[in-house]
Amino acid sequence: MTTLPLDRPHPLRPPPAYAELRPVSRVRTPDGQPAWLVTGFDAAAAVLTDPRFGVTPTGDPQPGNDTLFQDGEPHARLRRLVARAF
């Protein structure tokens, strides 16, 4: 299993390990937690538009940063509130 972060010898080129990864790969985070790494465009588009995926940490209905880690309607409501500022 690949461990993040990936070695990046050149700042303007993707890490060589990308060549070995599939569009969706099982990886290990720097703190040792298992995770999924999505690198393919089609796979990323599928994940980002599928309501079954979200940013709320598993098992934590009240994350510490409520503005960033919300899914669904609460997230959409916050985006509408700040959209004009951006």
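This is a predicted model: local features need pLDDT of at least 70, side-chain atom pairs count only at pLDDT 80 or more; totals for chains, interfaces and linings use all residues.
Trainee: Which residue does a cis peptide bond join to Pro-5?
Mentor: Most peptide bonds are trans. The bond at Pro-5 is cis, with omega at about -5°. The residue joined to Pro-5 by this bond is Leu-4.

Trainee: Is Pro-16 buried or exposed?
Mentor: Pro-16 is also found in the loop between β1 and β2. Its C-alpha atom is separated by 8.4 Å from that of Leu-6, 10 residues away along the chain. Exposed means over 50% relative accessible area. Pro-16 has 52%, so Pro-16 is exposed.

Trainee: What pattern does the protein follow along the sequence?
Mentor: The protein has 2 helices and 3 strands. Strand β3 covers residues 34-38, and helix α2 covers residues 72-82. Read along the sequence, the pattern is β-β-β-α-α.

Trainee: Where in the protein is confidence lowest?
Mentor: The mean pLDDT of the protein is 83, and 84% of its residues reach 70 or more. Confidence is highest in strand β2, at 93. With a mean of 82, the lowest confidence is in α2.

Trainee: Which residues form a nonpolar patch on the surface?
Mentor: One member, Val-38, is found in strand β3 and counts as partly exposed at 30% relative accessibility. The patch has about 280 Å² of accessible area together. Its residues are Val-24, Trp-36 and Val-38.

Trainee: Which residue lies over the face of Trp-36?
Mentor: Trp-36 belongs to the nonpolar patch. A side chain lies over its face, at 4.9 Å from the ring centre. That residue is Arg-26.

Trainee: How many aromatic pairs does the structure hold?
Mentor: Ring centres would have to lie within 6.5 Å to count as a pair. For the structure, the number of aromatic pairs is 0.

Trainee: Which residue meets Asp-50 in a salt bridge?
Mentor: Side chains of opposite charge can pair when their charged atoms come close. The N to O distance is 2.6 Å, and the partner is Arg-52.

Trainee: How many salt bridges does the structure hold?
Mentor: One of them joins Asp-50 and Arg-52. Glu-73 forms a salt bridge with Arg-80, the closest N and O atoms being 2.6 Å apart. Here Glu-73 counts as partly exposed at 48%, and Arg-80 counts as exposed at 52%. The number of salt bridges in the structure is 2.

Trainee: What distance separates the C-alpha atoms of His-75 and Val-55?
Mentor: His-75 lies in helix α2. It is partly exposed, with a relative accessible area of 29%. His-75 and Val-55 are 20 residues apart along the chain, and their C-alpha atoms are separated by 10.0 Å.

How values were computed: Residues are numbered from 1 along each chain as its sequence is written. Side-chain values use heavy atoms; hydrogens and water are left out. Patches are made of residues with over 30% relative accessible area and no salt bridge: like charges are joined within 9 Å, nonpolar side chains (Val, Leu, Ile, Met, Phe, Trp, Tyr) within 5 Å. Accessible areas come from the Shrake-Rupley method with a 1.4 Å probe; for residues, only the protein chains shown count as cover. A salt bridge is a side-chain nitrogen of Lys or Arg within 4 Å of a carboxyl oxygen of Asp or Glu. Helices (H or I, at least four residues) and strands (E, at least two) are DSSP runs, numbered from the N terminus. Buried means under 20% relative accessible area, exposed over 50%, partly exposed in between (1.4 Å probe, protein chains only). Rings of Phe, Tyr and Trp (its six-membered ring) pair if their centres lie within 6.5 Å; planes under 30 degrees apart count as stacked, over 60 as edge-to-face and the rest as tilted. A charge sits over a ring if NZ of Lys or CZ of Arg is within 6 Å of the ring centre and within 35 degrees of the ring normal. pLDDT is the predictor's confidence in each residue, from 0 to 100.
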